[in-house]
Structure formats: C-alpha cells, structure tokens
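User: I'm new to this one, so please walk me through it, starting with the overall picture and then the details.

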Amino acid sequence: MDKNKVDNKSKIITYNLSDVSPYINWAYFFYAWSMNGKAKDAQQELRNEAENLLADMEGKYHTRAVFALCEANSEGDDIIINGTRVPMLRQQKVISGKPNLCLADFIRPASSGIKDTIGLFATSVDEEFTSNNEQDPYQRMLSQTLADRLAEATAEKIHEDVRKKYWGYAPDEQLTLMEIFAEKYQGIRPAVGYPSIPDTSMNFLLYELLDMKGIGIKLTENGMMVPHASVSGFMFAHPQSRYFDLGKIDDDQLVDYARRRNQPVETLRKYLASTLLKK
C-alpha cells in the first residue's frame, strides 16, 4: 500500500444520476417490488418506467459519496482506525473446514509494527428525489425504491473508483458490470446493517471518523441514517477478504462485544436482537 494514498481525510464526490445508473442491480429493484420470477415483459415495463423517471430527474438531483482512506491495524477482534477502536463481531456460523471470520482478520495486526489501510464510505441520494410524488402512491413507491437502488449503485461506483484510482490497489481491473455484481473484484465493501455488521449503532463510530454530514446524512437516536436511501460501511483490500454471514451470536460474545464497545449490554442487545441466539 502506497502510504501517499493514506491521508485520513474525507473526500466528497457528487455524481450525476447517469454516472451511477449503469451500476443499478435491477434484480434487487424487482425484489423490492416482489417481481422476481414474474414475467420478463412485466419486469421490463417496470424498469422502463423507472428509467423514464431517472431521465426526468437527470440534472435536477444527484447522488453523493464520501470516503476516507485511513491508517489502521487490528488488535484481536477490534480495528483501530486513526486511534479509534472499532470493535467487530466474529462469525459464529459453523462451516465445516473453514475458519470463523471477523472483519478484523483482514487488517494487519498492530503487533506486526506495520501500518495497514482501511477505507470508510457512505453514499446518499438527494432527499428531495423522493418528495416530488407525495400525491401519487405508485410514483412515490417507484421513486423510493429507485432511490434505494441509486444509493447502492453509488456505493458500487465509488468502490470501483477507489479500487482503480483513489486507493489504486487494482489499477488494471477490467470487469464487466455482471462481474462487479458477482463481486469478482479484489477486496470487499461490507455495509452497516448487512450480515457481517448487523449492529446499526456502528454508524455512530463511522460518523465520528467520516464526514457523513458533508453529504447530508444525519443519524437518528437508533443509528439509522436519514435520508433512508443511504449506505455506509468499510472497504478492505486484502486479497483473501470475503463477505460472510455472522450467524447467531450468544450471550458470551454479546457481553464481550459490549465491553469492547464500552456500551451497556442491554443497549447492544437491542441493536443485535435479530442476531442473537434465542433462549
């Protein structure tokens, strides 16, 4: 990793809708409409309406991304980013012959004496994008589901730009969009609220480390992002890093995690309710 690439400062990029719309994964758009498995012509009709809406919104609204490349090391299951300790959870889902993973595994340990790098990111869509169709329920739902896809598409776009240019660890990457959707690139981009980071209170730590407010993101008291069409998370470059599902965690790991987060157990129990083993 070229240390000149690490400046720990947030960078904000504004995209036109046409910059990120090619990165929309339409399968997830159809899923939101419960149309997976439906006739292709019905799917195409819905997609045409969404693309017409995008064309109408071009130039009026934008998507935004903020990212930072930061010095980092791991210490046990924690990642230390610019001096801030960011505890992670270790996978409990047993897969025969494979290790139980933690995102901290993909960062060089502090004991090595060598600094590593981690990327932080957030993306969002202009909040007004979804507020123009309040009187038309169908158009409102269309704009809301499209905004969610645009936020994810922006995350896909900024991750590609970071890999090839800003971080530059994969400058010669040449992948098709289908290969990108299939995650054939080097590294991973786990997002808060997804299987390896189910704790949405992680956004409070990210908010301290990254200028999320610079792209208009605010946090609710529960760590949810506003606008709703927003994505946040981390970028790892390790060649062996991969996405994984934590599975269900038990009380022992919850207590350990709460200790490392310096938070009451019951507070984190609320955030991790869907991830905890049932008693």
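**Overall fold and local details**

Analyst: Among the contacts in the protein with a separation of 6 or more, 73% are between residues 24 or more positions apart, where contact means heavy atoms within 4.5 Å. This is a predicted model, in which local features need pLDDT of at least 70 and side-chain atom pairs count only at pLDDT 80 or more, while totals for chains, interfaces and linings use all residues. Residues are numbered from 1 along each chain as its sequence is written, and side-chain values use heavy atoms, with hydrogens and water left out.

User: How many helices and strands are there?

Analyst: The protein has 8 helices and 8 strands, which are DSSP runs numbered from the N terminus (H or I, at least four residues, for helices; E, at least two, for strands). With a radius of gyration of 19 Å, close to the 19 Å from the globule rule for 279 residues, the protein is as compact as a globular protein of that length; the radius is taken over C-alpha atoms, and the rule is 2.2 Å times the number of residues to the power 0.38. The C-alpha trace spans about 55 × 50 × 40 Å along its principal axes.

User: And how much of the protein is buried?

Analyst: Of the 279 residues, 48% count as buried, meaning under 20% relative accessible area, with exposed being over 50% and partly exposed in between (1.4 Å probe, protein chains only).

User: What about pockets, and which residues lie nearest the centre of the largest one?

Analyst: The largest pocket is lined by 22 residues, and Tyr-28, Glu-152, Glu-183, Arg-189 and Tyr-194 lie nearest its centre. On a 1 Å grid over the protein atoms alone, a pocket is an open set of points with protein on both sides within 12 Å along at least five of seven lines, a cavity is a set where a 1.4 Å probe fits but cannot get out, and lining residues have an atom within 4 Å of a point. The space in the largest pocket comes to about 580 Å³, a volume being the space filled by probe spheres set on grid points joined across faces, edges and corners. Helix α4 (residues 137-166) gives the largest share of the lining of this pocket, 5 residues.

User: What sort of residues line the largest pocket?

Analyst: Its lining has 14 nonpolar, 2 polar and 6 charged residues, where Ala, Val, Leu, Ile, Met, Phe, Trp, Tyr, Cys and Pro count as nonpolar, Asp, Glu, Lys and Arg as charged, and the others, Gly among them, as polar.

User: How does the second largest pocket look?

Analyst: The second largest pocket has a volume of about 420 Å³ and 20 lining residues, of which Glu-152, Tyr-194, His-228, Ser-230 and Val-231 lie nearest its centre. Helix α4 gives the most to this lining, with 5 residues, and α2 (26-32), α4 and β8 (230-235) each supply at least two. By class, the lining of the second largest pocket divides into 9 nonpolar, 8 polar and 3 charged residues.

User: Where is there closed-off space?

Analyst: The structure holds 1 cavity of 30 Å³ or more, and its lining is made up of Met-88, Leu-89, Ser-196, Ile-197, Pro-198, Asp-199, Met-202 and Tyr-257. By class, those lining residues are 6 nonpolar, 1 polar and 1 charged.

User: Last one: what does Arg-64 touch?

Analyst: Arg-64, in strand β2 (residues 62-75), touches Ile-13, Thr-14, Ala-122, Thr-123, Ser-124, Asp-126, Thr-154 and Ile-215, not counting residues up to four places away in sequence. Arg-64 counts as partly exposed, at 24% relative accessibility.
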